[in-house]
Amino acid sequence: MIQSRNPYDESQLRAAVRRLDGVISRITDMFAFAGMSALIGAIAVVVIDIVWRRIGGQSFIGAVDLTQFCVMAAASWAIPHAFSTEAHVTVDLFGKKQFRAFFKIIDALIPLTGAALMAFLFYLSWERAMEQLAYGDVSQNLAIPMILFWVFLLSGLALSGLVCFVKFLKFIVTGEAI
């Protein structure tokens, strides 16, 4: 028995993938906003530390811990946004117009490879984070649990992998290049 293709089903699938891409985009926007807010917090901590050194003659205790904490959030949460907005760096060596078929394959493999890489990095980072949790490691001055630093990295890697996978689905279903 041969099933006929219903174009209505295909358009529903395209619409669903586009909606999923939009939802992921909004989530990455929120993460990027939180990350950049953390970066502003890191800058504020450094400025306060400098002022405190000038006025009080002492360093602001915990400035390094807080700065590292904020920078970890900013870096980890900005990467998914870069994948989502396709703000990564690309180099056109051959010219996409001359080799369209070749670059169509490359365009499909880029997000799939990105998703695989993010999944692998998540796997490796998860093991290290669980070690940190088991040992109960804390930061040097403020005793911030080190697992919190890893939460930023793990959530950023997971979201990055999800973004890449959705971009791959979008390419496969709609044919829209990255």
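Modeller: The expected span of a helix is 1.5 Å times one less than its number of residues. The model discussed here is predicted.

Biologist: How do you know that the span of helix 4 agrees with its number of residues?

Modeller: Helix 4 has 29 residues, which should span 42 Å at 1.5 Å a residue. Its end C-alpha atoms are 42 Å apart, so the two values agree. Helix 2, residues 63-84, can be treated likewise: it has 22 residues and reaches 32 Å from its first C-alpha to its last, close to the 32 Å expected.

Biologist: What follows just after each of these helices?

Modeller: Just after helix 2, E86 takes a positive phi of about 55 degrees. Just after helix 4, G175 takes a positive phi of about 80 degrees.

Biologist: What makes the pattern of the protein α-α-α-α?

Modeller: The secondary structure comes to four helices and zero strands. Read along the sequence, this gives α-α-α-α.

Biologist: Why is D21 called buried?

Modeller: A residue is buried under 20% relative accessible area. D21 has 10%, and therefore it counts as buried. K167, at 8% relative accessibility, is buried by that cut-off, and K170, at 15%, is buried as well.

Biologist: Why is E86 called partly exposed?

Modeller: Partly exposed lies between the 20% limit for buried and the 50% limit for exposed. E86 has a relative accessible area of 33%, so it is partly exposed.

Biologist: How do you know that D21 and K170 meet in a salt bridge?

Modeller: A salt bridge needs a side-chain nitrogen of Lys or Arg within 4 Å of a carboxyl oxygen of Asp or Glu. The N to O distance for D21 and K170 is 3.0 Å, so the pair qualifies. D21 lies in helix 1 and K170 in helix 4, so the pair ties together parts that are 149 residues apart in sequence.

Biologist: What links D21, E86, K167 and K170 in a network?

Modeller: These four residues are linked by salt bridges. Besides the pair of D21 and K170, the side chains of D21 and K167 meet at 3.2 Å, N to O. That pair links helix 1 with helix 4, across 146 residues. The side chains of K167 and E86 meet at 3.3 Å, N to O. Here K167 is in helix 4 and E86 in the loop between helix 2 and helix 3, 81 residues apart. The whole structure holds five salt bridges.

Biologist: Why is S139 called buried?

Modeller: The cut-off is under 20%, and S139 has a relative accessible area of 6%, so it is buried. S139 is in the loop between helix 3 and helix 4.

Biologist: Which residues does S139 touch, not counting residues up to four places away in sequence?

Modeller: S139 touches D65, I144, M146 and F149. With D65, its side chain makes a polar contact of 3.0 Å. D65 is among the buried residues of helix 2.

Key. Residues are numbered from 1 along each chain as its sequence is written. This is a predicted model: local features need pLDDT of at least 70, side-chain atom pairs count only at pLDDT 80 or more; totals for chains, interfaces and linings use all residues. Side-chain values use heavy atoms; hydrogens and water are left out. Helices (H or I, at least four residues) and strands (E, at least two) are DSSP runs, numbered from the N terminus. Buried means under 20% relative accessible area, exposed over 50%, partly exposed in between (1.4 Å probe, protein chains only). A polar contact is a pair of N or O atoms within 3.5 Å; within protein, one must be able to donate a hydrogen and the other to accept it, and residues adjacent in sequence count only if both atoms are side-chain atoms. Contact means heavy atoms within 4.5 Å.
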